[in-house]
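Please walk through this structure with me, one site at a time.

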2 protein chains.
Amino acid sequence: MYYIGIDLGGTNVAAGLVSEDGKLLGKASVPTPKGAGQVADAIETAARQAAAQAGVEVSDARSVGLASPGSIDPEGGVVVHAFNLGLDYVPLAEMVSQRLGLPAVLENDANAAALGEFVAGAGMGHKSLVAITLGTGVGSGAVLGGKLYTGFNYAGMEAGHTVIHRGGRQCTCGRKGCWEAYASATGLICSTREAMEAHPDSALWRYAPALAQVNGKTPFDAAQAGDPVAQGVIDEYVEDLACGLANMINLLQPEILCIGGGVCKQGENLLAPVRLALNREEFTRDSARRTKVCMAQLGNDAGIVGAALVPMYR
Amino acid sequence: MYYIGIDLGGTNVAAGLVSEDGKLLGKASVPTPKGAGQVADAIETAARQAAAQAGVEVSDARSVGLASPGSIDPEGGVVVHAFNLGLDYVPLAEMVSQRLGLPAVLENDANAAALGEFVAGAGMGHKSLVAITLGTGVGSGAVLGGKLYTGFNYAGMEAGHTVIHRGGRQCTCGRKGCWEAYASATGLICSTREAMEAHPDSALWRYAPALAQVNGKTPFDAAQAGDPVAQGVIDEYVEDLACGLANMINLLQPEILCIGGGVCKQGENLLAPVRLALNREEFTRDSARRTKVCMAQLGNDAGIVGAALVPMYR
């Protein structure tokens with residue numbers, strides 16, 4: 001049996017034809033247009049292309065799952081607000097269902113990505129997983145007891161909006177000191193800029209001659225070249241990242257905690273010091289059965305695969 | 001069908017005979033003795049008394065559930081370390097099972113209390129609940145998707161050991177800035193003492209002439225009498241408490257979040273400002289479907305009732 005998954009991004013609409021064990025059999029991508037009808041049309045086009053690439057018809061699929069950013073109403077299948085996409089109160093599931101002739105479900109993109117990793121990535125063969133994505137924000141999702149966990153109102157697993165520095169840096173959600181404000185790529189860039197302004201002599205300025213040129217790689221590059229200011233930024237970043245990860249572990253004790261997103265391209269550069277911090281911070285640090293912390297495996301495909309399988313794991 | 005529940009405390013061993021819908025039909029309590037065999041004997045005595053009070057035999061019960069503080073191994077039924085009880089690697093489930101002739105299971109006391117509230121207290125008729133107990137520490141447990149949630153290694157839901165002030169006050173767990181270090185009664189007492197030392201003229205000194213006399217009621221009493229220093233302590237306490245509660249809500253979005261423990265005797269004195277803070281801090285503050293925050297209902301009976309029902313909800 002086949003399932004269609006759609007990952008609705010600000011730049012592209014990505015579609016995949018997925019088997020029930022999470023294999024991506026066909027894949028297509030079209031630019032994200034403006035306007036609700038146009039987005040639904042683009043989803044239809046991408047879905048038909050993905051099915052064709054796999055050599056099957058859309059009608060061979062059992063359902064279509066839509067992963068959307070922003071605020072959504074999964075029960076009604078409505079995208080409530082998705083500022084990046086310019087969508088407001090759009091009954092996207094119904095619109096896509098009519099175009100493809102298939103039942104359609106809607107899910108938060110971070111939750112879908114977690115489900116993808118659970119079925120076909122870092123969580124394969126395990127029973128529970130928390131997935132954290134370090135990007136513009138800190139995305140998070142969980143599969144607990146074999147089901148996608150979203151809370152009673154489908155708004156759950158906003159790990160990025162748990163506070164680790166009460167009264168700290170302003171977060172986009174309105175709170176101060178959220179994990180996201182420190183551990184996201186945006187948070188790392190913010191910390192790097194603050195350090196550069198405080199240290200006009202830092203080698204960071206050689207890697208980013210203007211503050212606007214700082215990206216998530218800048219502090220890692222400068223630290224590797226021996227710049228102590230950059231190393232300080234990384235050290236604090238690792239502490240903030242590990243603090244939130246230890247919070248998730250102490251609370252949820254998932255079998256697997258995987259981390260993805262651009263910052264994770266640093267690999268063991270990042271994971272090794274994070275593990276050291278966790279060895280100090282975890283409640284279960286002396287236990288034989290600890291959460292396995294690892295990298296996410298599916299990259300950008302996690303959202304497509306997870307979206308496709310939402311009907312099986314809700 | 002009947003179930004026996006045991007709440008193993010540092011002072012008393014409390015036992016209850018419980019119906020499958022969580023009604024407490026008989027109850028007994030004996031002082032907690034020293035020594036593993038003696039503790040098991042005391043559990044047997046209390047269980048038989050509770051059954052007798054309900055007019056039934058222990059053999060009429062299907063099982064016995066043990067709620068223990070400290071570090072436990074629920075799979076093996078072993079109390080690993082319970083410092084308050086002086087127990088170390090004690091196979092308590094097996095010892096009790098032999099004495100009572102019933103299958104026995106072991107669970108963490110905060111998890112058992114959460115289950116009790118779910119079945120017969122604040123969570124009655126709802127599908128998910130997080131229970132927070134503000135005592136010496138911050139106890140916590142959750143029932144998600146109709147099952148007691150404890151993580152893959154049964155060590156889960158240590159909400160008290162999630163950090164809200166990274167680098168802050170030393171916690172007993174080894175981390176710095178844990179929610180427990182601020183939001184527990186111990187944390188409140190610590191903050192009150194700090195404020196008294198900093199303000200020798202505060203009216204707090206009238207309510208507790210020596211630092212050792214401060215308890216969780218002291219700052220509330222002095223604040224109610226108009227002392228600004230005490231009010232400052234309460235205001236910060238409310239912010240810390242609400243910070244952790246908002247973290248739990250943003251992450252887990254349970255249908256019910258109940259708060260118990262001695263500090264909660266303050267009732268609306270405490271809950272009203274906490275709700276104000278949550279209206280500012282919750283990710284879903286503008287949503288129609290928000291977690292209901294309320295007081296726990298079962299008091300000290302929650303542990304007995306929950307322990308009894310563990311076999312049905314694991």
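Start at B:Gly177. Leaving aside neighbours within four places in sequence, B:Gly177 is in contact with B:Thr162, B:Val163, B:Ile164, B:His165, B:Gly168, B:Arg169 and B:Tyr182. Contact here means heavy atoms within 4.5 Å.

Some ground rules come next. This is a predicted model, in which local features need pLDDT of at least 70 and side-chain atom pairs count only at pLDDT 80 or more, while totals for chains, interfaces and linings use all residues. Residues are numbered from 1 along each chain as its sequence is written, chains are lettered from A and ligands numbered from 1 in the order in which they are written, and side-chain values use heavy atoms, with hydrogens and water left out.

Back to B:Gly177. This glycine sits in the loop between β11 (147-149) and α4 (179-183) of chain B. Helices (H or I, at least four residues) and strands (E, at least two) are DSSP runs, numbered from the N terminus. Is B:Gly177 buried or exposed? B:Gly177 counts as buried, because its relative accessibility is 0%. The cut-offs are under 20% relative accessible area for buried, over 50% for exposed and partly exposed in between, with a 1.4 Å probe and protein chains only. B:Cys243 is 66 residues away from B:Gly177 along the chain, and their C-alpha atoms are separated by 12 Å.

Now take B:Leu309. Its place is helix α10 (residues 301-313) of chain B. B:Leu309 has a relative accessible area of 0%, so it is buried. Which residues does B:Leu309 touch, not counting those up to four places away in sequence? They are B:Tyr3, B:Val18, B:Ser19, B:Glu20, B:Gly22, B:Leu115 and B:Val119. B:Ile4 lies 305 residues from B:Leu309 along the chain, yet the two C-alpha atoms are separated by 8.2 Å.

Tyr89 is another kind of site. Most residues other than glycine have a negative phi. In chain A, phi of A:Tyr89 is near 50 degrees, a positive value. Phi of B:Tyr89 is also near 50 degrees. A:Tyr89 lies in strand β7 (residues 87-90) of chain A, and B:Tyr89 in strand β7 (residues 87-90) of chain B. A:Tyr89 is exposed, because its relative accessible area is 57%. B:Tyr89 counts as exposed at 56%.

Next, the two chains together. A rotation of 180 degrees with 0.0 Å of shift along its axis superposes chain B on chain A, with an RMSD of 0.0 Å. The same surface serves both copies: 98% of the contact residues of chain B recur in chain A.

How much area is buried between chain B and chain A? About 3,700 Å², of which carbon and sulfur atoms give 52%. Buried area is the accessible area (1.4 Å probe) that two parts lose on being put together, summed over both. In chain B, B:Phe152, B:Arg166 and B:Leu251 lose the most area to chain A, together 23% of what that side buries.

The rule finds 8 salt bridges across this interface. A salt bridge needs a side-chain nitrogen of Lys or Arg within 4 Å of a carboxyl oxygen of Asp or Glu. A:Glu75 forms one with B:Arg289, the closest N and O atoms being 2.7 Å apart. Helix α8 (residues 228-252) of chain B gives the most to the side of chain B that touches chain A, with 11 residues.

Methods
Copies are superposed by least squares on the C-alpha atoms of residues with pLDDT of at least 70 in both.
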